[in-house]
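Work through the exercises below with the model open. Try each task before reading its solution.

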Amino acid sequence: MVKRGTFDSFLNIVSLVLIFVVILFLAYITAKIAAKYQGNINSKSNMKIIESIRVGGNKYLSIVKIGDDYYAIGVGKDEITLIDKLDSNNVDTSFYDKNVNQGIEFKELFSNIRRQHDKKKVETYNDKTDLDKQK
């Protein structure tokens, strides 16, 4: 015979798990709606961040497209500095055009990164086994 206290504990755990799943589902739906809304705003904007690279603690070097012109800017914690206007012929936007404008899915991007990581892992393993064979 199962004691009443044990059964109540089991129901409490099941209800907590169900509540957790519902919260995760709602967070997922909210993130999808926010991404669609953000995508609609960004697609109508005259300003786009083409590329950004971290160069220090809170400092980034970015290429920004404003209208038809490209600019290199430095972004710090409390300031943004214009470095130079770039010649549009020297700016490679192929990665930006391919991934952002066509609306690449996160799932696809993640699987591409995962494949690249696995490929590097295999190459590292092969290099290591080649070194072991040479010894």
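The exercises below concern a predicted model.

**Exercise 1. Find how many helices and strands the chain has, and the pattern they follow.**

Step 1. Count the elements. The chain has three helices and four strands.

Step 2. Read along the sequence. The pattern is α-β-β-β-β-α-α.

Step 3. The chain has 135 residues, and 9% of them count as buried. Its accessible surface comes to about 12,100 Å², with 60% belonging to carbon and sulfur atoms. Among contacts with a separation of 6 or more, 8% join residues 24 or more positions apart.

**Exercise 2. Work out the order of the strands in the sheet, and which strands stand at the edges.**

Step 1. Start with β1 and β2. Strand β1 covers residues 47-56 and strand β2 residues 59-66. Eight bridges join the two, and they run antiparallel. Ile-53 stands opposite Leu-61 in β2.

Step 2. Move on to β2 and β3. Seven bridges join this antiparallel pair. Ser-62 has Ile-73 in β3 as its bridge partner. Two residues lie between the strands in this hairpin, where Gly-67 takes a positive phi near 65°.

Step 3. Finish with β3 and β4. Six bridges hold this pairing, again in the antiparallel sense. Here Tyr-71 stands opposite Lys-85 in β4.

**Exercise 3. Locate Met-47 and decide whether it is buried or exposed.**

Step 1. Met-47 is in strand β1.

Step 2. Check the accessibility. The relative value for Met-47 is 53%. The cut-off for exposed is over 50%, so Met-47 counts as exposed.

Step 3. List the contacts. Leaving aside neighbours within four places in sequence, Met-47 touches Lys-65 and Ile-66.

Step 4. Compare sequence and space. Met-47 and Ile-66 are 19 residues apart along the chain, yet their C-alpha atoms are separated by 4.6 Å.

**Exercise 4. Identify which residues form the salt bridge, and where they sit.**

Step 1. Search the whole structure. One salt bridge turns up.

Step 2. Name the partners. Asp-69 pairs with Lys-85, and the closest N and O atoms are 3.7 Å apart. The cut-off is 4 Å, so the pair qualifies.

Step 3. Asp-69 is in strand β3 (residues 69-75) and Lys-85 in strand β4 (residues 80-86), 16 residues apart.

Step 4. Check the exposure of each partner. Asp-69 is partly exposed at 29% relative accessible area. Lys-85 is also partly exposed, at 47%.

Step 5. Side chains of opposite charge can pair when their charged atoms come close.

**Exercise 5. Find which residues make the nonpolar surface patch.**

Step 1. List the members. They are Val-22, Phe-25, Leu-26, Tyr-28, Ile-29 and Ile-33.

Step 2. Give the area. The patch covers about 600 Å².

Step 3. Take one member, Val-22. Its place is in helix α1 (residues 4-43). Val-22 is partly exposed, with a relative accessible area of 46%. Patch members need over 30%, so Val-22 passes that cut-off.

Definitions and conventions. Residues numbered from 1 in each chain as written. Predicted model: local features only at pLDDT ≥ 70, side-chain atom pairs only at ≥ 80, totals over all residues. Heavy atoms only, no water. Salt bridge = Lys/Arg side-chain N within 4 Å of Asp/Glu carboxyl O. Buried < 20%, exposed > 50% of the residue type's maximum accessible area, 1.4 Å probe, protein only. Contact = heavy atoms within 4.5 Å. Areas by Shrake-Rupley, 256 points an atom, 1.4 Å probe, with all protein chains shown as cover. Patch = residues over 30% accessible without salt bridge, like charges linked within 9 Å, V, L, I, M, F, W, Y side chains within 5 Å. Pairing = 2+ DSSP bridges.
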